[in-house]
Structure formats: C-alpha cells, structure tokens
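This report describes a protein chain for a reader who is new to structural analysis. Please keep the sequence and the model in view while reading.

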Amino acid sequence: MSLRRRCSVLMAATAFIAGTSALAHHSVPGTFDVNKTVAIKGKISKIDWINPHIYIYVDVKDAAGAVTTWKVETLPTNHMRRAGVTKAEILQEAKAGDVTVHMYPALTNKTAGFLLRLTYPEGHFMHLYGEEGEITRATR
C-alpha cells in the first residue's frame with residue numbers, strides 16, 4: 001500500500017473514531033425533555049463531583065414515607081469551579097433541610113433530570129442552567 005493510501009486510510013479511521021466519541025457524549029436536548037420542567041423537594045444524600053458531569057442525588061419522600069432517590073445531572077466540574085460553586089458549599093447549605101430542585105426530566109429515566117435551579121430551605125438559590133423563566137413552566 002502506498003504512503004498516500006495509508007495516510008488516507010489512517011485519516012478516515014481517525015475521523016470515524018473521533019465521530020463515534022463525539023456521539024457518545026450527550027447533549028442536554030438529546031437526553032432530557034427541555035420542553036418541560038420538574039420540581040422535586042428532598043434531602044441531598046450524595047454528590048458525585050466527577051467529570052464529565054456532576055451528579056447530585058436527592059432523596060424525595062412521598063406521602064406514605066417511601067423514599068425515591070433522584071439522580072440529577074449538572075454542569076462539568078470546571079464550569080462549577082469557574083462559577084465559584086463547590087461540593088462542600090452545596091452540601092453545607094443543604095444541611096438546613098429539604099432543597100427544591102428544578103430540572104429538565106430525563107427522556108428515559110423517570111427519576112433523573114438535568115439541574116436548572118437548586119433552592120435552599122431559607123429561599124436563596126443557585127440558578128445554574130437555562131433561562132430563569134423556564135422554571136415557571138408547567139411542572140408535572
């Protein structure tokens with residue numbers, strides 16, 4: 001095989017692999033329903049401060065006392081650091097009681113979403129994604 005042909009094959013293989021990797025990383029509209037928001041209220045039980053996205057786990061009690069844990073995805077760690085938000089800050093402020101989470105619901109997992117706003121018991125909040133008016137849309 002000629003050098004030119006080998007280079008062409010190598011470039012095509014590289015493009016294919018890079019394209020496949022790009023598809024593996026999801027977009028918010030591809031994974032979450034950006035046409036509606038969901039609001040839940042509960043206690044933060046855990047935070048996975050990992051790349052490529054941070055996950056906040058919120059334990060929500062129903063009327064009968066049964067607990068459902070929601071997995072709430074948010075921005076990458078470097079975005080949160082640049083915004084001045086830390087894992088310790090989120091956990092410390094959440095100790096005061098239940099937080100309210102406004103999010104886009106996941107398309108396939110009924111107990112998952114993408115974080116828009118995190119509101120603490122005394123009323124202050126962190127609006128982390130999307131337009132602030134989005135949280136006033138009809139929630140289910």
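## Terms and basis

Two strands are said to pair if DSSP finds at least two bridges between them. Helices (H or I, at least four residues) and strands (E, at least two) are DSSP runs, numbered from the N terminus.

The model is predicted: local features need pLDDT of at least 70, side-chain atom pairs count only at pLDDT 80 or more, and totals for chains, interfaces and linings use all residues. Residues are numbered from 1 along each chain as its sequence is written, and side-chain values use heavy atoms, with hydrogens and water left out.

## Overall architecture

The protein contains 4 helices and 6 strands. Read from the N terminus, these elements follow the order α-α-β-β-β-α-α-β-β-β.

A residue is called buried under 20% relative accessible area, exposed over 50%, and partly exposed in between (1.4 Å probe, protein chains only). Of the 140 residues of the protein, 34% are buried. The accessible surface, computed by the Shrake-Rupley method with a 1.4 Å probe, with only the protein chains shown counting as cover for residues, is about 8500 Å². Carbon and sulfur atoms account for 58% of this surface. Contact means heavy atoms within 4.5 Å. Among contacts between residues at least 6 apart in sequence, 55% join residues at least 24 apart.

## Strand pairing

How are β1 and β2 joined? A hairpin connects them through 6 residues. The two strands pair in the antiparallel sense over 5 bridges, and I47 stands opposite I56 in β2. Strand β2 is mostly covered, with 5 of its 7 residues buried.

Strand β2 also pairs with β3, again in the antiparallel sense,, and here there are 7 bridges. These two strands form a hairpin with 5 residues between them. In its turn, G65 has a positive phi of about 95°. Y55 stands opposite E73 in β3. Strands β3 and β5, by contrast, run parallel and are joined by 3 bridges; K71 stands opposite A112 in β5.

## The nonpolar core

A nonpolar core is a set of buried Ala, Val, Leu, Ile, Met, Phe, Trp, Tyr and Cys residues joined through side-chain atoms within 4.5 Å. The largest such core has 30 residues, of which I40, I44, I56, V58, I90, V101 and L118 touch the most other members. Two or more residues come from each of β1 (38-48), β2 (55-61), β3 (67-73), α4 (87-94), β4 (99-105) and β5 (112-119). The largest share, 5 residues, is given by β5.

Which residues does L118 touch, not counting those up to four places away in sequence? They are I44, I90, V99, T100, V101, H124, F125 and M126.

## Aromatic rings and charges

A pair of aromatic rings is described by the distance of the centres and the angle of the planes. Rings of Phe, Tyr and Trp (its six-membered ring) pair if their centres lie within 6.5 Å; planes under 30 degrees apart count as stacked, over 60 as edge-to-face and the rest as tilted. By this rule there are 3 aromatic pairs. The rings of F32 and F114 are a tilted pair, because their centres are 5.5 Å apart and their planes lie at 55°. F32 is in the loop between α2 (28-31) and β1, while F114 is in strand β5, 82 residues apart. Both F32 and F114 are buried.

The rings of Y104 and Y129 have centres 6.4 Å apart and planes at 85°, so this pair is edge-to-face. Y104 lies in strand β4 and Y129 in the segment after β6 (125-127), so the pair ties together parts that are 25 residues apart in sequence. Y104 is buried at 4% relative accessible area, whereas Y129, at 29%, is partly exposed. Ring pairs link F32, Y104, F114 and Y129 into a cluster.

A charge sits over a ring if NZ of Lys or CZ of Arg is within 6 Å of the ring centre and within 35 degrees of the ring normal. The charged end of K71 sits over the ring of Y55, 4.5 Å from its centre. The charged end of R117 is placed over the ring of F125, 3.8 Å from its centre.

## A buried threonine

T77 belongs to helix α3 (residues 77-82). Is T77 buried or exposed? Its relative accessibility is 4%, so T77 counts as buried. Leaving aside neighbours within four places in sequence, T77 is in contact with W49, I50, N51 and I54.
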